[in-house]
Amino acid sequence: MAVGGEAPITVQSMTTTKTHDVDATLAQVYGLHGAGADIVRITCNSVEAAEGLAEIVPRSPVPIIADIHFQYRLALAALEAGVAGLRLNPGNIRKPEHIRAVARAARDHAVPIRVGVNAGSLDKDLLDKYGSPVPEALVESALQEIRLLEDEGFDQIKISVKHSNVPRMVASYRLLSEKVDYPLHLGVTEAGPLPGGLIKSVAGIASLLLDGIGDTIRFSLTTDPVEEAKSGRKLLEYLGLRERKGLDLIACPSCGRAEVDVYRVAQDAQEALENEKLPIQVAVMGCVVNGPGEAREADIGIAAGRGRGHLFIKGQVVRVVPEDEMVDALLDEARKLVAEGVEARLAAAEAGADEEAKKEAALLRDLQGDANESAERRAAVAEVAKAE
Ligand code: SF4
């Protein structure tokens with residue numbers, strides 16, 4: 001799988017099993033692949049692990065990268081096992097002759113190397129020089145290692161400069177991107193458990209991707225790595241960097257106007273639709289006053305009226321259903337929409353549904369007032385309050 005240049009941004013994750021346990025590791029690789037990982041990294045921390053890789057690689061549905069720390073010989077063994085890439089940590093494989101030996105072997109196998117700098121395991125000399133793992137120190141560590149690889153005529157290089165501090169992580173990659181043209185692997189290291197780990201990862205990775213920096217990403221979460229793969233894939237889809245593969249559910253946050261328990265309906269809809277793996281955007285809106293209009297960009301959606309659900313496609317109501325049938329009706333229409341297309345489903349709209357929905361929305365607006373008028377009303381209130 002290509003990384004860098006015009007290739008799509010890829011999602012990576014890492015197994016947590018013992019690599020010598022081939023069946024357990026392969027089961028996790030398949031799980032990660034199913035959740036959205038394009039590339040999977042596996043630790044190669046012992047001879048048994050390298051032997052495990054020799055069995056895992058040919059049976060894997062995705063390219064396997066061997067993660068190497070301390071022992072350069074295990075990098076050579078992983079290459080023999082047939083891995084598609086290596087990750088070397090410059091902080092703990094420090095002897096130039098060892099790095100050069102790996103470069104020569106990787107070149108012979110036509111396998112890329114990621115120079116994976118990590119703030120937590122930065123080269124000691126650089127830590128002494130800079131006092132702390134500042135962006136300049138991380139970048140210098142990467143550049144030193146790259147020079148050694150380049151000296152061996154090796155240029156199949158990817159780089160990461162991960163930090164657990166988001167602003168420092170972003171600054172490190174920005175600095176690095178000014179100095180090299182190699183593909184960059186983005187990640188906030190040791191981001192932690194949910195929800196904080198997710199927020200840190202998204203903040204750091206998305207900031208860079210939106211500026212056109214980054215070629216492959218990994219969320220380092222302290223949870224089932226399936227969540228890493230899922231979150232990484234979703235982030236790329238939400239940023240418009242990968243085609244939508246599954247559901248994108250949007251839902252209003254609910255408010256005093258809601259005619260239904262929006263949280264429950266959104267949760268039920270998410271569970272029902274996620275199983276179907278339909279590549280569509282679905283909206284769940286708490287009221288018909290603003291719902292269909294605000295969610296008109298969604299492929300399909302449902303908004304709650306008084307005891308009823310208004311099912312709409314691209315903002316046009318096509319059916320009105322009893323409230324307790326909202327989720328079933330949404331699922332049924334979503335399947336038909338994917339199978340038949342928007343035009344066909346709009347043509348199959350229930351006669352009078354849109355009219356009926358408009359009347360109900362007008363009625364609710366009369367009862368509750370129009371949210372869109374609230375700005376005007378606030379201005380009028382302020383004027384009255386200020387008057388002497
Ligand atoms: S769609 Fe209706 S219920 Fe939901 S937040 Fe907007 S106004 Fe409130």
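Strand β1 (residues 10–14) and strand β2 (residues 39–43) run parallel and are joined by 3 bridges. Strands, like helices, are DSSP runs numbered from the N terminus: a strand is E with at least two residues, a helix is H or I with at least four. Two strands pair if DSSP finds at least two bridges between them.

Before you start, note that this is a predicted model, in which local features need pLDDT of at least 70, side-chain atom pairs count only at pLDDT 80 or more, and totals for chains, interfaces and linings use all residues. Residues are numbered from 1 along each chain as its sequence is written.

### Exercise 1: the parallel sheet

*Solution.* 

### Exercise 2: two helix pairs

Describe how α1 meets α2, and then how α7 meets α8.

*Solution.* 
- Step 1. Helix α1 (residues 22–35) and helix α2 (residues 47–59) have axes that come within 10 Å and cross at roughly 35°.
- Step 2. The crossing of α1 and α2 is right-handed. A crossing is right-handed if the near helix is turned clockwise from the far one by less than a right angle, and left-handed if anticlockwise.
- Step 3. Val22, Thr25 and Leu26 of α1 touch Gly52, Glu55, Ile56 and Arg59 of α2. Residues are in contact if their C-beta atoms, placed from the backbone, lie within 7 Å.
- Step 4. Sorted by class, this contact of α1 with α2 has 3 nonpolar, 2 polar and 2 charged residues. Here Ala, Val, Leu, Ile, Met, Phe, Trp, Tyr, Cys and Pro count as nonpolar, Asp, Glu, Lys and Arg as charged, and the others, Gly among them, as polar.
- Step 5. For helix α7 (residues 166–179) and helix α8 (residues 196–209), the axes come within 9 Å and cross at roughly 25°.
- Step 6. α7 and α8 are therefore roughly parallel to each other. The cut-offs are under 35 degrees for roughly parallel, over 145 for roughly antiparallel and 65 to 115 for roughly perpendicular, with the rest oblique.
- Step 7. In α7, the residues making the contact are Val166, Met169, Val170 and Tyr173, and in α8 they are Lys200, Ala203, Gly204, Ser207 and Leu208.

### Exercise 3: the mixed sheet

What is the strand order of the open sheet of 5 strands, and which helices pack beside each other as α10 and α12 do? Work out the picture.

*Solution.* 
- Step 1. The order is β9-β10-β11-β12-β13, and the pairing is mixed.
- Step 2. The edge strands, pairing on one side only, are β9 (248–251) and β13 (316–322).
- Step 3. From one strand to the next, the twist averages 20°.
- Step 4. Strand β12 (residues 308–313) is antiparallel to β13, with 6 bridges between them. Glycine 309 has valine 321 of β13 as its bridge partner.
- Step 5. Helix α12 (residues 326–340) lies across β10 (281–285), β11 (300–304), β12 and β13, at about 15° to β12.
- Step 6. Helix α10 (residues 262–276) packs with α12 at about 30°, their axes 10 Å apart. The two are therefore roughly parallel to each other.

### Exercise 4: the ligand and two backbone details

How many residues surround the ligand, and where are proline 195 and serine 254 found?

*Solution.* 
- Step 1. The ligand has 13 residues around it, the closest being Cys252, Cys255, Ala258, Gly286 and Cys287. A residue is near a molecule if its C-beta atom, placed from the backbone, lies within 6 Å of it.
- Step 2. This shell has 8 nonpolar, 4 polar and 1 charged residues.
- Step 3. Proline 195 sits in the loop between β7 and α8, and a cis peptide bond with omega of about 0° joins leucine 194 to proline 195.
- Step 4. Serine 254 lies in the loop between β9 and α10; its phi is positive, about 75°, although serine 254 is not a glycine.

Conventions: Axes fitted to C-alpha atoms, helices over the stretch in contact; angles between N-to-C directions. Contact = placed C-beta atoms within 7 Å.
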